[in-house]
Amino acid sequence: MPEGNWRKGIGGRELAELGAPISHCQMTDIVKLFAVAFCIQIILGALPAGAVDFTAAEQRKILRHGPWPPPAPPDPSNRVSGAPAAAAFGRVLFFDTRLSVSGAISCATCHRPETGWTDGLARSRGQRAVDRNALSLFNLRFNRWFGWDGAQDTLWAQNLRPLLDAREMGIGAAGAARLVRADRSLSCGYRRAFGAAPGADDERVFVDLGKALAAFLETLVTGRTPFDDFRDALARNDAAGQARYPAAAKRGLRLFVGRGNCAFCHFGPAFANGEFADAGVAHFAGSGRADPGRFGGIRKLRKSPYTLLGRFNDDPARTTAVKTRHVRLAHSNFGEFRVPGLRNAALTAPYMHAGSLKTLADVVRHYSTLDEERLHAGGERILRRLDLSAREQADLVAFLESLTEAEPRRDGGIDTEVPPCR
Amino acid sequence: MARRRQRGPAFAAALALVLAAAGANACERPQDWTGGSKIAGKTWTVWWQSAPAAIPVGAHFSLRFRLCGPPVRQVKVRGWMPDHRHGMNYRPGVTLAGRSGTAAGLMFHMPGRWQLIFDIAGAAGREKLTAEMVLE
């Protein structure tokens, strides 16, 4: 039985519904006689498959949220993707504050491993305050676009942005390249990762830092969750396995794939379709400015030298550049933000692009009481005010919490020991 | 997995018969193809085939097509979700040589009912041929 966050606050009755093994039955408050009665049922193997039975159509919808983890081939646009030496170098860079102008900010300032690789703030602070909430760094290798606005089409390009943005780290291409060339340990790490000493072209060295960081961040794939165990039990037709998933989470899952319409956008194994939508969240960037979201993202993408269509793509065939070539700018992109994946979302509060919602319960309440007037007139007709009851809201939260892995990796999950640089 | 529900194959077949009777091209499946689907209109008929064959949700796909009918000047390919009133986030690139063509960079980014629309123009006029499918 995994010990995820999602078990917090589960009482005796619900624990019984988990179909918990005997050890957990013993842990329950034996004063609650009905709980004991349930436990006895479990011991006798008499507990039914769970209070919620899914229809065939619901089962098909549930199954497409797995299996987890999906295959993760290396990124062809990054020649060191999947290379342990590059991942090790990337990990060093990630925690190095010398990559900021002040010498005080590293990537980890805003992406702290202990808080789901985010900073826990509504809007991040680097050298100065930024407009948006720090995205977590889980499951990046399954993204199509990067950033809330998708202004980057690769992970390596995304990693360059804070180094260039004066509000975040702001060291710039030349500053970063100079640092790596001058520092013995960093240049050794570079050599190990790329097979040659950093060259004279600042921009090349700079882009390579983004690629080493990408090799590191790609390793942050989330582990199995209670939902995955349930999903696979469903796929195998294993009633006992299905019974272990709490009834509240099952009811929440039914809402998620059904009346809630959530799975239209939060689709597939990562619970994100990789695209952009207006979820009815106000997009003020402070001081009366509006955050243009995806609209600004596509415009930035088109101006950037660091895309799959530019000279830093390591894949001569540009096999992954289809999206960049064909992406369409439309007026409706204004105020759209990327649909975030929901795995480990319980660890990455606050929520939404500017951190406007503090808890998952707040997010669910947002969808339940959605102001339809605020959504694009004549736009998508998916989101509706759901008017969920208190219990339905709690169920949906229980489901979202069941997407949390038992022990999130804080070390970047690099298993291979790479000899240290001297 | 994509479960495709093509609109009215019976209707298409009937129309093909009518056209054949009227002396129009019956529009057989291109000889070098296996698989593919047909949409018959008043002026044109299109055979199309996607790659991958089962259109995925949330991943790019491409397609090839072959038209029967009068000369064609331009073909546009679009995707549309009638229930949600939105199209695709990508603009497909279409190539056309005579009556054969390809479209690249399409993506149906949500499950649900989608229409694949061939918007065909030539001296004979303009016609929209629509295939409808439900993706899961």
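**Contacts, salt bridges and the A–B interface**

In the predicted model, B:Gly112 touches B:Met81, B:Met133, B:Val134 and B:Leu135, leaving aside residues up to four places away in sequence. B:Gly112 belongs to strand β9 of chain B, residues 112-122. The residue is buried, at 15% relative accessible area. B:Tyr90 is 22 residues from B:Gly112 in sequence, and their C-alpha atoms are 18 Å apart.

Chain B also meets chain A. The contact involves 22 residues of chain B and 20 residues of chain A. About 1900 Å² is buried between the two chains, and 52% of this area is on carbon and sulfur atoms. One salt bridge is counted across the interface. It pairs B:Glu136 with A:Arg60, with the closest N and O atoms 2.7 Å apart. Strand β8 of chain B (residues 100-107) supplies three residues, the largest share of the side of chain B that touches chain A. By residue class, that side comprises nine nonpolar, eight polar and five charged residues. Polar contacts link 10 residue pairs across the interface, with both residues at pLDDT 80 or more.

Chain A contains 17 helices and two strands. Of its 422 residues, 54% are buried. Among contacts in chain A between residues at least 6 apart in sequence, 70% connect residues at least 24 apart.

Helix α8 spans residues 172-182, and its buried residues include A:Gly172, A:Ala176, A:Leu179 and A:Val180. Helices α7 (155-164), α9 (184-194) and α10 of chain A are among the elements that cover the buried residues of α8(A). Of the 16 residues of α10(A), 13 are buried. A:Asp201 caps the N-terminal end of this helix, with a side-chain oxygen 3.0 Å from the backbone nitrogen of A:Glu203.

A:Lys211 pairs with A:Asp314, the closest N and O atoms lying 3.0 Å apart. A:Lys211 is in α10 and A:Asp314 is in the loop between α14 and α15 of chain A, so the bridge ties together parts 103 residues apart in sequence. A:Lys211 is buried, with a relative accessible area of 1%. Salt bridges with shared partners join A:Arg79, A:Asp208, A:Lys211 and A:Asp314 into one network.

A:Asp314 also forms a salt bridge with A:Arg79, at 3.2 Å from N to O. This pair spans 235 residues, with A:Arg79 in the loop between α4 (56-63) and α5 (84-94) of chain A. A:Asp314 is partly exposed, at 25% relative accessible area. A:Arg79 is likewise partly exposed, with a relative accessibility of 46%.

A further salt bridge joins A:Arg289 to A:Asp131, with the closest N and O atoms 3.6 Å apart. A:Arg289 lies in the loop between β1 and α14 of chain A, and A:Asp131 in the loop between α6 (107-110) and α7. The two residues are 158 residues apart. A:Arg289 is partly exposed at 43% relative accessible area, and A:Asp131 is partly exposed at 21%. Over all chains, the structure holds 32 salt bridges.

The loop between β1 (276-277) and α14 (294-303) of chain A also holds A:Asp278. A:Asp278 is buried, with a relative accessible area of 11%. A polar atom of its side chain lies 2.8 Å from the backbone nitrogen of A:Gly280.

Methods: Residues are numbered from 1 along each chain as its sequence is written. Chains are lettered from A and ligands numbered from 1 in the order in which they are written. Side-chain values use heavy atoms; hydrogens and water are left out. Buried means under 20% relative accessible area, exposed over 50%, partly exposed in between (1.4 Å probe, protein chains only). Helices (H or I, at least four residues) and strands (E, at least two) are DSSP runs, numbered from the N terminus. A polar contact is a pair of N or O atoms within 3.5 Å; within protein, one must be able to donate a hydrogen and the other to accept it, and residues adjacent in sequence count only if both atoms are side-chain atoms. Contact means heavy atoms within 4.5 Å. Buried area is the accessible area (1.4 Å probe) that two parts lose on being put together, summed over both. A salt bridge is a side-chain nitrogen of Lys or Arg within 4 Å of a carboxyl oxygen of Asp or Glu. Ala, Val, Leu, Ile, Met, Phe, Trp, Tyr, Cys and Pro count as nonpolar, Asp, Glu, Lys and Arg as charged, and the others, Gly among them, as polar.
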